[in-house]
Amino acid sequence: MQDFSTLDQAWLSLFDQFALRFDATGTEHGRETARMVRAHADARPKWHLCAHDVVLAGALAPLYQDPLAQALERLSPFLVWQTRGVFTDNEHTNRAYVEFMGPDGMLYSDQVRLGIYWHDRHTFYPRHRHEAVELYHIVSGTGFWQHVTDTWTPRPPNSYVLHQANEDHATKTGAEPLLALWSWLGDISFNSYSMDAAPTDSGMGFRDFPSNQSG
Ligand SMILES: [Fe+2]
C-alpha cells in the first residue's frame, strides 16, 4: 500500500503557513480565512496524481527552505490545477489556480474558496470583478496590480491586496513569475464573475480556453 504520510504532513504544513500568512495581513478577511483553515486542519484530501503543465520551480526557487515552498514541492504532483478566464496565448498554461478548499476544492467547503494562484512571467490577467471579497497574499515574485484605478502598483512578496465586492482588478507580471495565496469570502459563486476583453495594444495575443465558458 502506498504511504501518504509525507503528503499528509505537507498538507498540514501548507495549511499552517496559509493561516499564519493570512493572520499576518491584520485584516478581518485574513483572520476569518485563517480561522476556517485551522478549523479544517485535521482534514485531508484524497490523494490522486494529477497531470498538469504548471511549472512551479521558478516561483519556488527564491523561497529556499521556506516551509511553504517545501510543502508545495512535495504536493506538486497531487495539486488540482484549474484554469478560468482569458489566458495569454501560449501552447501551455500560463495562469492557473488550485482550490485547496471550496465548492470545487480538494477539500469541500461551501463557506470559502481558498488556494494558490500561479501566474507565469510576462503574463496578463485582464480586468475583472466578482461579488466575492478576495484577499491575495503574495508569496513569490513581484506582480503588478490595477485595483479600481488604472495605476499599476507593484505587489512584492509578503504584501497583500484586498478586493472588495465587485471592485475591478487586473494583474500582470514582468520577468518574475508570481505565486500567491488567495481566498474568497461572501458570495463565492462564479455567477457574478465577469472579465473585460484583453487589450489589443499589449503586444500579446489572447485566447479563451473552451473549458472556461461554463461557470
Ligand atoms: Fe479576483
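How many residues does helix α2 have, and what does it reach from its first C-alpha to its last? I looked this up before anything else. The model I am reading is predicted. Helix α2 covers residues 28-39, which is 12 residues. I find that α2 reaches 16 Å from first C-alpha to last, close to the 16 Å expected at 1.5 Å a residue.

**Entry: burial in α2**

I listed the buried residues of α2 as His-29, Gly-30, Thr-33, Ala-34 and Val-37. Viewed down the axis of α2, these buried residues fall within an arc of 130°, so they line one face of the helix. I then checked what covers them. The cover includes one helix, α1 (5-23). It also includes the strands β5 (113-119), β7 (133-140), β10 (160-163) and β12 (178-185).

**Entry: the chain overall**

I count four helices and 14 strands in the chain. Of its 215 residues, 35% are buried. I also looked at contacts with a separation of 6 or more: residues 24 or more positions apart account for 70% of these.

**Entry: the nonpolar core**

Which residues have the most contacts inside the largest nonpolar core? I noted Leu-14, Phe-18, Leu-72, Leu-75, Leu-179 and Ala-180, in a core of 42 residues. The elements that give two or more residues to this core are α1, α2, α3 (57-60), α4 (67-75), β3 (95-102), β5, β7 and β12. Helix α1 gives the most, with seven residues.

I followed up on Leu-75, one of the residues with the most contacts inside the core. Leaving aside neighbours within four places in sequence, I find Leu-75 in contact with Leu-7, Ala-10, Trp-11 and Leu-14. Leu-14 is also on the list of residues with the most contacts inside the core.

**Entry: β8, β9 and their sheet**

In which sense do β8 and β9 pair, parallel or antiparallel? Strand β8 (residues 143-147) and strand β9 (residues 152-155) pair in the antiparallel sense, over four bridges. I picked out Gly-143, whose bridge partner in β9 is Arg-155. The hairpin of β8 and β9 has four residues between the strands. In this hairpin, I note that Val-148 takes a positive phi near 70°.

Definitions and conventions:
Residues are numbered from 1 along each chain as its sequence is written. This is a predicted model: local features need pLDDT of at least 70, side-chain atom pairs count only at pLDDT 80 or more; totals for chains, interfaces and linings use all residues. The expected span of a helix is 1.5 Å times one less than its number of residues. A residue is buried if 20 or more other C-beta atoms lie within 10 Å of its own, exposed if 12 or fewer, and partly exposed in between; C-beta atoms are placed from the backbone. The arc is that of the directions from the helix axis to the C-beta atoms. Two residues are in contact if their C-beta atoms, placed from the backbone, lie within 7 Å. A nonpolar core is a set of buried Ala, Val, Leu, Ile, Met, Phe, Trp, Tyr and Cys residues joined through C-beta atoms within 7 Å. Two strands pair if DSSP finds at least two bridges between them.
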